[in-house]
Amino acid sequence: MLSPPRWSLALAGFCAGAGPLTPAFAHSVCGDRIFPATLNIDDPGVNDELALPTVTWAPQNSDGAGETDVVGAWTKTIFPNLGLSFADGTSWQHPGGYGWFALDTELKYNFFCIPEHEFMGSVGFDVSWGGTGTGAQSGSPNFYAPVLDVGKGFGDLPRSLNLLRPFAITAQIFTSTPGQAVWNGNQFATTFNWGFTLQYSLPYFNAHVAGIDNDFIKHLVPIAEVAFSTATANAAPGTWGTTGTFQPGVIYLADSWQIALEAVIPINGASGHGVGVVGELHFFFDDIFPNSLGKPIFAQSLPMFTGGRQ
Amino acid sequence: MTRVSTITIAASLVFIFASGAAFAHAQLEKATPAVGGTVAPPNEIRLEFSEGVEPKFTKVTLTAPGGAAAPLGAPTAEAGHQNVLIVPIAKSLAPGVYTVHWRAVSVDTHHTQGDFNFTVK
């Protein structure tokens, strides 16, 4: 997973010209459900994967600058249900200039998966490392974020509601706290962040509800993501309030990779102006390199609640 | 090492390794009888997955309209197609709605599962 702090930094930081969020997240499996990697809200599992690149374009952030960000994220599993992510990337703003984002890391633990209910969740701890940004992205302190991610597929609905069974929701909640409230003369806020996705999986529809003959359509997952950030402490004057984005789009889910494209619609002027775009290419290392790079370092899982099933 | 070169190396590794064989979670691509379909009594269930599967470790069950299990033969891979599983149906099926449950283990040991209905007319 990549960067809740950047997510919050970006959302809260639109007012400070920090730019749009550009995270890239993991995919995961629980029971019959494959939760694809989503672009804004992290998915609820842990896996070996690489998101490269994730490209975000915003016509006008809240400072009035155009912005293009290119980031990548790599997640390595230590245990099958515990992974460490590294993420970084660049930002170009006009006006504003160029710079690398601060390095972002997250340790994430998938602590439950109830297969028959396609219900899973993870907790993580994310650190955005202050002082590692450059150029226009330099000058921020460490940010610390405890994160909760959950996902629920609706495959356990009765068959009389068969058409609803391909739906799934995922959600994320976290707080992002700066290590120092004031850094290089700038004020950094603590933020409360939350968001969710609503997905309709045509691969699930094809395998569980009715066969789809078209090879392209049966790999699509239409999706909408929503994310909000609210300053809760130490916000600079004029930056209190809630920012966020609504991101409708579609994911093409192949066997060992996926590609996603979403519109980025700011919810208010403090979140930016105009409709942006985010796209991502994502590789599932557990599927591409199952016996090397995509394999957990230790084979034994950490404790996981499964609702009585393995 | 600059970050640009780090990213470049990472990207290069991906495409170098990706040029080799790739395996994945076996997803059900197509079934006969069709998922949600209505058919004459079939002699077998044919499951076409996105990846090769291991018949020995793949389990398929068929639940009849009353909830009882319909007898099935042992799953085998279709000749020349490791991703296609054939499961013989031991007895002719009476009309009604049947549920197929499958749990597949792909050749890289990932397991996936699913279920679907079909109707015998």
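**View 1. Chain B at a glance.** Chain B is built from one helix and nine strands, where helices (H or I, at least four residues) and strands (E, at least two) are DSSP runs numbered from the N terminus. This is a predicted model, in which local features need pLDDT of at least 70, side-chain atom pairs count only at pLDDT 80 or more, and totals for chains, interfaces and linings use all residues. Side-chain values use heavy atoms, with hydrogens and water left out, residues are numbered from 1 along each chain as its sequence is written, and chains are lettered from A in the order in which they are written. Of its 121 residues, 41% count as buried (under 20% relative accessible area, 1.4 Å probe, protein chains only).

**View 2. The largest nonpolar core.** Such a core is a set of buried Ala, Val, Leu, Ile, Met, Phe, Trp, Tyr and Cys residues joined through side-chain atoms within 4.5 Å. This one holds 25 residues, and those touching the most other members are Leu28(B), Leu47(B), Phe49(B), Leu62(B), Phe116(B) and Phe118(B). Elements of chain B that give two or more residues to the core are β1 (28-32), β3 (44-49), β4 (59-63), β7 (81-88), β8 (96-105) and β9 (111-120). The largest share, four residues, comes from β8(B).

**View 3. The surroundings of Leu62(B).** Leaving aside residues up to four places away in sequence, Leu62(B) touches Ile45(B), Ala68(B), Ala69(B), Ala70(B), Leu72(B), Ile89(B), Leu93(B), Tyr98(B), Thr99(B), Val100(B) and Phe118(B). Contact here means heavy atoms within 4.5 Å.

**View 4. A second core, in another place.** Look for Tyr200(A), Leu202(A), Ile212(A) and Tyr252(A), which are among the eight residues of a second, separate core.

**View 5. The fold and surface of chain A.** Chain A has three helices and 17 strands. Its radius of gyration is 19 Å, close to the 19 Å that the globule rule gives for 310 residues, so chain A is as compact as a globular protein of that length; the radius is taken over C-alpha atoms, and the rule is 2.2 Å times the number of residues to the power 0.38. Of the 310 residues of chain A, 56% count as buried. Chain A exposes about 11,100 Å², with carbon and sulfur atoms supplying 69% of this area (Shrake-Rupley method, 1.4 Å probe).

Terms used: Buried means under 20% relative accessible area, exposed over 50%, partly exposed in between (1.4 Å probe, protein chains only).
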